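Subject: Structure handover

Hello,

Here is the structure I promised to pass on.

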Amino acid sequence: MKENIYPIVVFKRAKWVKAENCNMPVVIGGMEAVGEIKKIKGDNISEEQINKIIEAIKKAKPLGHEEWNKKHSKERNDYQLFQGKNSNGKMYIRIKDAKEDAEKVAAEYKNQNYAISDIRQDKKEKDVWFFYYSR
């Protein structure tokens, strides 16, 4: 399997990141990633498989809070989940119920590769917890 897998790290919005002496390529954006992929020699997978992968990548979307809520609704769904954006454009999730529920939601967002802020209690509503998230 190792001869068919070539790891590459792609940063979309982090032009300030610099990497040297890494054991895999580190690039900024899709065009640099394409350049690195083109450097790889060999016929490891068929053109049909390549096209399937390309289509899957084109259609891929991050798991939003509605999908997360549906996925976990069988476990426990007696809390309310709200998604929004503050006046500065920061995305947030608000959970109305116990802090433990907010921690579970935040952990799932972390598992989906989101950057998560600390979980904070709403100043006006004591049973509401929130956190900011970003990619």
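**Ground rules**

This is a predicted model, in which local features need pLDDT of at least 70 and side-chain atom pairs count only at pLDDT 80 or more, while totals for chains, interfaces and linings use all residues. Residues are numbered from 1 along each chain as its sequence is written, and side-chain values use heavy atoms, with hydrogens and water left out.

**Overall fold**

The protein has four helices and seven strands. Both come from DSSP runs, numbered from the N terminus: helices are H or I with at least four residues, strands are E with at least two. Along the sequence the pattern reads β-β-α-α-α-β-β-α-β-β-β. Of the 135 residues, 23% are buried. Buried means under 20% relative accessible area, exposed means over 50%, and partly exposed is in between (1.4 Å probe, protein chains only).

**Core**

The largest nonpolar core holds 13 residues. Such a core is a set of buried Ala, Val, Leu, Ile, Met, Phe, Trp, Tyr and Cys residues joined through side-chain atoms within 4.5 Å. Ile-93, Ile-95, Val-105, Tyr-109, Ile-116, Phe-131 and Tyr-133 have the most contacts inside it. Strand S4 (91-96), helix H4 (99-111) and strand S7 (128-134) each give two or more residues to this core. H4 supplies the largest share, four residues. In soluble globular proteins, nonpolar side chains tend to be buried together.

**Helix H4**

What span should H4 have, and what does the model give? Its 13 residues should span 18 Å at 1.5 Å a residue, and the end C-alpha atoms are 18 Å apart, which agrees. The expected span is 1.5 Å times one less than the number of residues.

The buried residues of H4 are Asp-101, Ala-102, Val-105, Ala-106, Glu-108 and Tyr-109. They cover an arc of only 160° around the axis, so they sit on the same side of H4. That arc is taken from the directions from the helix axis to the C-beta atoms. The face turned away from the buried side carries the exposed residues Lys-104, Lys-110 and Asn-111.

Asp-97 is in the loop between S4 and H4. Its phi is positive, about 160°, although Asp-97 is not a glycine. Asp-97 is partly exposed, at 24% relative accessible area. Asn-113 lies in the loop between H4 and strand S5 (115-116). It too is not a glycine, yet takes a positive phi of about 70°. Asn-113 counts as exposed because its relative accessibility is 59%.

**Salt bridges**

How many salt bridges does a search of the whole structure find? It finds six. The criterion is a side-chain nitrogen of Lys or Arg within 4 Å of a carboxyl oxygen of Asp or Glu.

Arg-94 takes part in two of the bridges described here. With Asp-122, the closest N and O atoms are 2.7 Å apart. This pair links distant parts of the chain: Arg-94 is in strand S4, and Asp-122 is in the loop between strand S6 (120-121) and S7, 28 residues apart. Both residues, Arg-94 and Asp-122, are buried. For Arg-94 the relative accessible area is 18%.

Arg-94 also meets Glu-125, at 3.1 Å from N to O. Glu-125 is in the loop between S6 and S7 and Arg-94 in strand S4, so this pair ties together parts 31 residues apart in sequence. Glu-125 is partly exposed, at 32%. Arg-94, Lys-96, Asp-122 and Glu-125 are linked in a network of salt bridges.

Lys-58 pairs with Glu-55, with 3.5 Å between the closest N and O atoms. The two lie three residues apart in H2, about one turn of the helix. Lys-58 is exposed at 61%, whereas Glu-55 is partly exposed at 36%.

**Surface patch**

Ile-45, Ile-50, Ile-53, Ile-54 and Ile-57 make a nonpolar surface patch of about 420 Å². Nonpolar patches join side chains of Val, Leu, Ile, Met, Phe, Trp and Tyr within 5 Å, using residues with over 30% relative accessible area and no salt bridge. Areas come from the Shrake-Rupley method with a 1.4 Å probe. Ile-54 belongs to helix H2 (residues 47-59) and is partly exposed at 38%.

Best wishes

Technical notes
Patch = residues over 30% accessible without salt bridge, like charges linked within 9 Å, V, L, I, M, F, W, Y side chains within 5 Å.
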